[in-house]
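User: Could you walk me through the pockets of this model? I would like the cut-offs as well.

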Amino acid sequence: MKIKEIRPILLSCPYSDIYKNFEVIKHLNSGYKTIGLVEIKLENGVTGYGEGYLAVFAPKVFTEIVNLISPSLIGEDCNNSKKLIKKIRLITGYWSYQGAAQHVISAIDIAIFDCVAQIQEIPLYKLLNKNSKNSIELYGSGGDSISPEFIDEEFNYLESLGISNFKIRARRSDIYKSRYVLKKGKSKGVKIAIDMTQNLSIPGNTVNEVIEFFSKIQDQIHYDLLFMEEVFGIEGLDNYANLKNKLSVKLAGGEIVTNTYDMKCRIDKHLYDIVQPDATVIGGISAVNEIFNLCNNKKSDVYVHTWGGPVSMLANYHVAIANEGKMAEWPMPKYHIRNELVKNPWKILNGKLIISDQPGLGIYLTNEIENKYKFRENSCYNCIGDNSKLIDDKIWRHIEN
């Protein structure tokens, strides 16, 4: 069970469609998206994988932090994950208690769990809960298409999987687009959630701006949303309490929180009705497991966030299934690497993900895959984005009128 080698890996893969997807047009104009993996090899030959979301934005920062931490873990017993994570936190705590290093801790934690589950020859969710079921309901996560034609394609895709929950991305100006989706959802019996994408915003929406947006999209439709996500920017935490008294919709958030202490504070204040931790951000399997326990005590729902590669997805699904989570995010944009790294094909039946009984996470990485998806320097996510390519609401307004 002793760790023999730790290696950071960067892989870049074509992502979504640069002509259809607003996020790609504005933030990923290379058309590629990068994932950052940590590979842990044990002396007995077992290899585990973890993922840290940091590599999407700062890939070389990710690899450098992995390389900084790795020497302190070589020779350590993989079975004692709590000791290992404590050691890493001592290395990084002073200069990165929040943020970048936490993503790397997440990746290492996930890789350790992958190793331990493989050694015991059981899927990771069974390691966490031997009595666990093997499925979870999904909501489709996309809705950043630039035209009704492409939104309709997304509805058809979800219908083919039996998924009846659809989260779209809508900025404050996307009134007509939101109305179009709500009407379409209502006619098809699909529940709609809206992500206002304020996780990158400084400053973010005000309370009155969110209320005005909600009022306008509901005009003449009166459709009960599944939830609204990330309605305020990273400096707008105090706004949640004010909004809850003025808006009758469930509020979701938490994907940007990078440690369990901060998330616990938000849970204690009941900022979110639906808590959305991400194992690749908040500290790995250990942290999300802890969040589920905290939310059970507070009677809050947990819908895991996952917007990375296959390791991210599987890590979040395993821990959510082990904790009997009600729902999880299914990323809809095309990203072929999500399929090529899994040992067994994804299986979705009647809107539920059926998890494989493959030992560990179920990840498969070869030299051929690494060569196929070599890291590209221009594949970083640009948080500021290209504002010259903003898309206005005219096409949606024309459809409504």
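**Pockets and their linings**

Analyst: Happy to! Among the elements lining the second largest pocket, α6 contributes the most, four residues. The model is predicted, so to speak of local features takes pLDDT of at least 70 and side-chain atom pairs count only at pLDDT 80 or more, while totals for chains, interfaces and linings use all residues. Residues are numbered from 1 along each chain as its sequence is written, and side-chain values use heavy atoms, with hydrogens and water left out.

User: What volume does the second largest pocket have?

Analyst: A pocket is an open set of points on a 1 Å grid over the protein atoms alone, where a 1.4 Å probe fits, with protein on both sides within 12 Å along at least five of seven lines; lining residues have an atom within 4 Å of a point. Points are joined across faces, edges and corners, and the volume is the space filled by probe spheres set on them. For the second largest pocket this gives about 570 Å³.

User: Which residues are closest to the centre of the second largest pocket?

Analyst: This pocket is lined by 26 residues. The closest to its centre are Ser16, Tyr157, Met332, Pro333 and Lys334.

User: What is the volume of the largest pocket, and which residues are closest to its centre?

Analyst: The largest pocket has a volume of about 1300 Å³. Its lining has 50 residues, and the closest to the centre are Thr197, Gln198, Asn199, Leu200 and Ser201.

User: Which element gives the largest share of that lining?

Analyst: α1 (22–27), β5 (165–169) and α10 (260–268) each give two or more residues to the lining of the largest pocket. The largest share, four residues, comes from α1.
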